[in-house]
Amino acid sequence: MPSPSTAFASDNAAPAHPKALEAIAAANSGTLLSYGSDPITQRAADRIKAMFDSPDAEVLFAFTGTGANIIALASAVRPWHEILCTDIAHSLLDEAGGPVLVSGASLAPLPSDDGILDPAQLDRRITRRGDVHHSQPRIVTITQSTENGRVWRPDAIAEFVDRAHELDLLVHVDGSRVANAIAALGSTPAEAIGDADIVTVGGTKNGMLFGDAILVRRPEHFRGIDFVQKQIGHLASKHRYVSAQFDAMLADGTWLTTAAHANAMAARLSAGLTGLGLTLASATDANEVFVELDAPTLSAVREHFVVHVPDPHQPAARFVCSWATTDDDVDTVLAVLRRTGSDRPHR
């Protein structure tokens, strides 16, 4: 039997988009100033600021989404501060304690609905503000789209961010899949992030070879962020090879076109799964599909496809669609599930 396909393992498993590779090749001509002082990086930064209607923002680039999140969060806090997050946040569960290690601050998870937070959670968390015996809430990080594939609606994220600001909290949006959220919403990019103070803008999960950006919309609250970027090794000397990808993929809308395709493949898969009588563990809002599979069915799927089970104590398997996912990929996994279901005895 051939090795299982990685078509649904993650959007990180997808190949780089040809446009990203072409942009890197085009940037590889002649000499340019290093450490982000080149015109390609400036052009890419200007495109990101324009896209999110943030003319006064600063833009930094990082090699990875984890690095971008650490830079954003660590620059906002001191060691006695608290970083609020959801109970499924990537910064909490999948960054090996990086934000805590670099900043010295603590991460405090709040119960969520698939990563969507009720603003009332913030009110309950700040009741011990000013008490020297307790860490002090300073910033809250939310994810758009969430780790469970949900999308914050513009009115919901606007309400949440506004309430955080009323409580003197900064807001970070982990936007590793923010392009998928924007495409799903059909909104403006600015509406998809509300009045957030700092945003991680994903590239790696959306067709780039490597690289995420950090949109610093209120630089006055993140003084020293460039030093954090340097300290943790994300100030690339040949910065142009990171930023060139953003420059090219934002220039003609490819960044959103690829995200929309991934979302469409997820919708196709989600509809097929429910058509087979399977139960979705979370609503399919963007490009991630979570479906409940019993152990024999999951085992049968894994003979053909690599899929991730986020929580080994729960029956939900995750299928992630990317810019490179095809109709045939989706139809093949549905055929495997259809065959598995028909092969199993009925009670």
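This is a predicted model: local features need pLDDT of at least 70, side-chain atom pairs count only at pLDDT 80 or more; totals for chains, interfaces and linings use all residues.

Biologist: Why is Arg177 called buried?

Modeller: Buried means under 20% relative accessible area, exposed means over 50%, and partly exposed is in between (1.4 Å probe, protein chains only). Arg177 has 7% relative accessibility, so Arg177 counts as buried.

Biologist: What makes the contact of Arg177 with Asp11 a salt bridge?

Modeller: The term asks for a side-chain nitrogen of Lys or Arg within 4 Å of a carboxyl oxygen of Asp or Glu. In this pair the closest N and O atoms are 2.8 Å apart, and a salt bridge is formed. The two partners come from distant parts of the chain, 166 residues apart: Arg177 is in the loop between strand S5 (170-175) and helix H8 (178-185), and Asp11 is in the segment before helix H1 (18-27). Helices here are DSSP runs of H or I with at least four residues, strands are runs of E with at least two, and both are numbered from the N terminus. Asp11 has a relative accessible area of 2%, so Asp11 is buried.

Biologist: Which other residue forms a salt bridge with Arg177, the closest N and O atoms being 3.5 Å apart?

Modeller: That is Glu288. Glu288 lies in strand S8 (residues 288-292) and Arg177 in the loop between S5 and H8, so the pair ties together parts 111 residues apart in sequence. Glu288 is buried because its relative accessible area is 1%. Asp11, Arg177, Glu288 and Arg318 are linked in a network of salt bridges.

Biologist: How many salt bridges does a search of the whole structure find?

Modeller: The search finds 17. Another example joins the side chains of Asp247 and Arg47, at 2.6 Å from N to O. Here Asp247 sits in helix H11 (residues 240-251) and Arg47 in helix H2 (residues 39-51), 200 residues apart. With a relative accessible area of 9%, Asp247 is buried, whereas Arg47, with 29%, is partly exposed.

Biologist: What makes the meeting of Glu147 and Thr143 a polar contact?

Modeller: A polar contact is a pair of N or O atoms within 3.5 Å; within protein, one must be able to donate a hydrogen and the other to accept it, and residues adjacent in sequence count only if both atoms are side-chain atoms. The side chains of Glu147 and Thr143 make such a contact at 2.8 Å. The backbone nitrogen of His90 also lies 2.8 Å from a polar atom of the Glu147 side chain. Glu147 itself is in the loop between strand S4 (136-143) and helix H7 (154-166).

Biologist: Which side chain does Thr41 join by a polar contact of 2.7 Å?

Modeller: The partner is Ser243. Thr41 lies in helix H2, and Thr41 is buried because its relative accessible area is 7%.

Biologist: Why is helix H3 (residues 65-74) called mostly covered?

Modeller: Nine of its 10 residues are buried, including Gly65, Ile70 and Leu73. At the start of H3, a side-chain oxygen of Thr64 comes within 2.9 Å of the backbone nitrogen of Gly67.

Biologist: How do you know that Ala96 is exposed?

Modeller: Ala96 has 85% relative accessibility, so Ala96 counts as exposed. Ala96 lies in the loop between helix H4 (90-93) and helix H5 (98-103). Phi of Ala96 is near 50 degrees, a positive value in a residue other than glycine.

Biologist: And why is Asp53 called exposed?

Modeller: Its relative accessible area is 59%, so Asp53 is exposed. Asp53 sits in the loop between H2 and strand S1 (58-62).

How values were computed. Residues are numbered from 1 along each chain as its sequence is written. Side-chain values use heavy atoms; hydrogens and water are left out.
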